[in-house]
Amino acid sequence: MPLLYDKRGHIGIVTLSRPQARNAWGEDYNEGLKELLPQLEDDRDIRVVILTGDDAGGAFSAGADLKNPKTHTNDSAGDFIESLPKRRRHQAMNLLSDFAKPLIAAVNGYAVGIGCIVTYCCDLIVASERAEWRLPQVALGILPAQGGTVRLARWVGRGVAMRVAMGFPLKAEEAYRCGLAQWLVPHEELMAKAIEVAEHVASLPPLAARLAKEAVAFGMDGTLREAANADLYRFMALELTEDKKEAHQAWRERRKPVLKGR
C-alpha cells in the first residue's frame with residue numbers, strides 16, 4: 001500500500017509513498033484515502049491529521065502517472081457519465097475537503113497537478129523552502145479537475161489562481177507571502193514544524209476545533225449572513241459540551257484543561 005500511516009498521540013500522519021515515481025498519484029491513493037479517512041474520523045483519539053509526501057521521492061506528489069496511456073483517457077462518454085457519482089464520492093479532493101477533523105498539509109517539495117490540488121483541500125499548509133505548486137493540466141489539453149482552480153482562488157485570489165492555472169509555478173516564498181502556506185521553514189525542519197502545529201491543534205477542545213473548521217469551510221460556500229446564523233447553532237451546541245465547561249474552569253483556575261472530546 002503506497003499510502004503510509006503513523007499515529008503519534010492525538011496526531012495521525014498520512015504519507016504519500018511512491019518514491020520511485022516521485023510519489024505520483026494513482027487510483028490506489030484514492031482507494032487508500034477512502035478506506036483510511038473514515039477510520040480516522042471514527043478514532044476519537046485522533047484530533048488532527050498531517051498529510052505529506054515520502055521525502056525519499058523528492059516531492060510531495062508529482063501528480064498523475066502520465067506514463068500510463070490510460071491516464072486522462074475515456075473511451076465512452078456514456079461510461080464517463082455513469083462513473084460520475086463514484087468519481088465525486090471517491091476523488092481525493094472531496095475525501096479530503098469533507099474530512100471532519102483539522103487536516104494539515106506538510107508540503108516537502110513539488111506538488112504537481114492533483115498533487116497540487118490536494119494540498120489546498122487541507123485546512124492548513126506548512127511548506128518546506130523546496131515546495132513548489134504547479135498545475136500543468138492546460139498544457140496537456142485538459143484542466144485542473146474537481147474545482148482545482150476555484151479552490152485555489154479561494155485561498156489566494158483570482159489573479160494568482162489564474163496564473164497558476166496557466167502553468168506558471170508558484171514557489172514556496174510566494175505561496176507563503178500570498179497566504180497559501182501559513183508557515184515556511186527550512187526543509188529539514190518541515191515535519192518538526194508540522195508536528196508542532198498539529199500538537200497545538202490537538203491541544204484544543206476537539207469538538208470546538210472541528211466546528212471551527214466546519215464554520216470556515218462551509219462559510220466560504222454561502223453568504224456572510226448564512227455563515228453567521230449557522231455559527232449561532234454551532235456555538236449553542238458547543239456551550240453544552242463537557243469540554244467547554246472544563247476549558248472555562250481551567251482558565252479560571254489557571255491550569256491546563258483535561259479535554260475529553262465530549
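**A friendly note on charges, cores and backbone angles**

1. Gln-146 sits in the loop that runs between strand 8 (132-134) and helix 5. Helices (H or I, at least four residues) and strands (E, at least two) are DSSP runs, numbered from the N terminus. Gln-146 is not a glycine, yet its phi is positive, about 55°. As background, most residues other than glycine have a negative phi. At 26% relative accessibility, Gln-146 counts as partly exposed. Here buried means under 20% relative accessible area, exposed means over 50%, and partly exposed is in between (1.4 Å probe, protein chains only).

2. A word on the model before you go on. This is a predicted model, in which local features need pLDDT of at least 70 and side-chain atom pairs count only at pLDDT 80 or more, while totals for chains, interfaces and linings use all residues. Residues are numbered from 1 along each chain as its sequence is written, and side-chain values use heavy atoms, with hydrogens and water left out.

3. Arg-254 is a residue other than glycine with a positive phi, near 55°. Its relative accessibility is 80%, so Arg-254 counts as exposed.

4. Now for the charges. Side chains of opposite charge can pair when their charged atoms come close. How many salt bridges does a search of the whole structure find? The search finds 15, where a salt bridge is a side-chain nitrogen of Lys or Arg within 4 Å of a carboxyl oxygen of Asp or Glu.

5. Arg-154 and Asp-221 form one of these salt bridges, with their closest N and O atoms 2.6 Å apart. This pair links distant parts of the chain, 67 residues apart: Arg-154 is in helix 5 (residues 148-156), and Asp-221 is in the loop between helix 9 (206-219) and helix 10 (224-239). Arg-154 is partly exposed at 45%, whereas Asp-221 counts as exposed at 54% relative accessibility.

6. Another salt bridge joins the side chains of Arg-234 and Glu-214 (2.8 Å, N to O). Here too distant parts of the chain are linked, with Arg-234 in helix 10 and Glu-214 in helix 9, 20 residues apart. Is Arg-234 buried or exposed? Arg-234 counts as buried, at 11% relative accessibility, while Glu-214 is partly exposed, with a relative accessible area of 28%.

7. Arg-8 forms a salt bridge with Asp-6, and the closest N and O atoms are 3.0 Å apart. Arg-8 is partly exposed at 46%, and Asp-6 is partly exposed at 34%.

8. Finally, the nonpolar cores. A nonpolar core is a set of buried Ala, Val, Leu, Ile, Met, Phe, Trp, Tyr and Cys residues joined through side-chain atoms within 4.5 Å. The largest one has 44 residues, and Trp-133 and Leu-180 have the most contacts inside it. Helix 1 (residues 27-42) gives the most to this core, with 5 residues. Another core, of 15 residues, lies apart from it and includes Val-185, Leu-190, Ala-198 and Val-201.
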